[in-house]
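Here are my comments on the model you sent over. Have the coordinates open while you read.

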Amino acid sequence: MGRPPVEGEQARKPAIILLVHTLGYRVWKRNHMQRFFIGRASIVLLLYLFSAGQVSAQEKDSTLHQQLSNVEVVEKIRPAVTRQGSPWQLMDRGSMDRLGLQDLSDAVRRFSGVTVKDYGGIGGLKTISVRSLGAQHTAVSYDGITISDTQSGQVDISRFSLDNIESLVLSIGQTDDIFQTARLYASAGALSIQTEMPDFRDRPFRLTGRVKTGSFGFVNPSFRYDQKITETYSFSLHTDWMRADGQYPYTFTNGTVITEEKRKNSDITNFRTEVNLYADWKTKGTLRVKGYWFDSERGLPGSVILYNDYHKERLQNRNGFTQALYERELNDRFSWKGQAKFDYAWTRYQDFHSKYIDGKQTDVYTQREYYGSAALLYRPLQTLSFSLAEDFFVNTLDATTPKCPFPTRYTSLTAFSGQYQTSHLTLTGSLLYTYLTEELEIGDAADDRKRLSPALSVSYRLFPDQNLRIRASYQDIFRTPTFNDLYYDRLGNKELDSEKATQYNLGLTWSGTVPGLRLDYLSVTADGYYNRVKDKIVALPTMFIWKMMNMGRVDIKGVDVNLSSRWCLPADMFLQIDGFYSWQDATDATDQTSKVYGHQLPYTPLHSGNMAVSLENPWVNVSWLMTIMGERYSLAQNIEANRMDSYVEQQISFNRTCRLGRVSARLSAEIINLGNVTYDVIRYYPMPGRSWRIGIMIVY
């Protein structure tokens, strides 16, 4: 998780400034926006000039820096989970390997408070929601920069490979890390994905190859190469290819008739590659430049309904982005960070059962994002710090669909935060200002949006000799309607208000050891929370068509309990036990006369849980995973016809690492859905039964 590795004159001109200049003419030429965005660009420019002045002052005074002897860092700093002022969960590379996890969505399911919507099997779309607030309220960041989808507001996490990931962090509400982009303040929860950094401790290069195969035609080779160019520069290349036919069997029930069927049109082929350039200029900062490309083609098997289990819809995605992160510690009090990104996303949807001419419907959507961010951290005292972050980005959407208005959205986010931290108390507060304006090539755009969003969190250690802490947090946040919500043909409604969410959390955390037990460590967290969502955006029928409306209010109450422990056993063995339990009452509170008032939200179980038990030993490591999901309802009305049964899914995995000189080989095998349980995550999208997967990883 360390700081990404930058130098010379380039450090004085961060990519954020170049990005603002590039976008300037297009944005500032409009009179009604000129003053505002000049002001926001000025904030970025002032941060830059201030940091440049600090750099120049330090360069003139050679007494400010001394050359120290080389120090080799062999461990990464891991923030204490129990010290955070708001719920914060971490899964590192070692945990993923120990549990035999092979897919990002499988790893995310191990976090409490998270709902992963899985539309069936290997090729199915996968989105995440935190505490039933919806996928649009959940941010996904990749190496510190947020992934976005302004068209739908949802990020498909299946497009990221777990092979290249160093750690996953799930934060709910405001985190204690105040030195971050303003965009990460603008969400109710965030999944932060951190990719692996090169490790050159024993040689100037590293080569890693993996091959995985399994049920339903699954094949997945991947390759990673790290190279140290000089003491300052290095790079890494990661690429992988995956295919599967996805034709898994499932059980279909029609009244009293039960038949065995096989999933069709569920094949997938995808290719992804990623290249990173690192530069470490010591006192002059660090730079990380990333290029990413993803290409996927898949069948959309659709829902399984009576007399129609076959669909001919196809989906092709192409997504590429390039991003840069520059960070510099100017002196003991000031640090500066600049980020820039260009993102391109192309989607083609085809339906060969369409009523269109020639029997085929083809829709193509193209999104682009231009993004820049600058942040300044100031530490006047060892216990006190402040940060100011400014983000500015532009989103566009082009589509071949009828009546597409070709929208362009300009967004400015300004976040000011402060933190007071001692060994006993951590107090963090932030204020986020959002300004958003749009324009259309066809028609009139929605009104501008402005809003202040405060957040506050506190963690207090109750006893000096015990790591028992009480924590509380509050956040008021909102999510802007997506392009689909506002402008989709006939369904969209440009009069929509933003969807507001208020979060409250109160919890206890403890970590330590228990006298008399052979415990390496024991960690327990328990949080109670209440969320309130107003002006919820939903689709409602109006006369002869459906339309997006602000008609919803939701009350969400819940409890999350997490436990993690590691036990020392004889014969150099260790037993790791992790688990969580969630109780969540998420009900509709819109209209007391409605048939769905007080009913549980769709796909939200009242009870859910997870347990993982791993035995590490000198021979073969074994892990057993269990997921428990309570009954849910597929629609808003909680009646028997909409009820979905509870289920328990289990997985067992084995792995062993062998070394021969400089070569390390890791063999792994998993049996998924050990009990061959029939279940749906989304109704009428059956999940695979029992399956297997084996893999080998060789590192040189």
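Predicted model: local features only at pLDDT ≥ 70, side-chain atom pairs only at ≥ 80, totals over all residues.

1. Start with the open sheet, which has five strands in the order β1-β6-β7-β4-β5 and mixed pairing. The edge positions belong to β1 (88–92) and β5 (145–147); each has a single partner strand, so one side of each lacks a neighbour in the sheet. On average, neighbouring strands here are turned by 25° against each other, ignoring direction.

2. Within that sheet, have a look at β6 (residues 165–172) and β7 (residues 189–195), which pair in the antiparallel sense over seven bridges. To find your way into this pairing, take Ile 165, whose bridge partner in β7 is Thr 195.

3. Next, Ser 691, which lies in strand β33 (residues 691–699). Is Ser 691 buried or exposed? Its relative accessibility is 10%, so Ser 691 counts as buried, the cut-off being under 20%. Leaving out residues up to four places away in sequence, Ser 691 touches Ser 215 and Phe 216, along with Glu 670, Ile 671 and Ile 672.

4. Ala 669 sits in strand β32 (residues 663–672). With a relative accessibility of 26%, Ala 669 counts as partly exposed. Beyond its neighbours within four places in sequence, Ala 669 contacts Ile 652, Ser 653 and Phe 654, and also Arg 693 and Ile 694.

5. One distance to check yourself: the C-alpha atoms of Ala 669 and Gly 214 are separated by 9.4 Å, while the two residues are 455 residues apart along the chain.

Definitions and conventions
Residues numbered from 1 in each chain as written. Heavy atoms only, no water. Helix = DSSP H or I, 4+ residues; strand = E, 2+ residues; numbered from the N terminus. Buried < 20%, exposed > 50% of the residue type's maximum accessible area, 1.4 Å probe, protein only. Contact = heavy atoms within 4.5 Å. Pairing = 2+ DSSP bridges. Axes fitted to C-alpha atoms, helices over the stretch in contact; angles between N-to-C directions.
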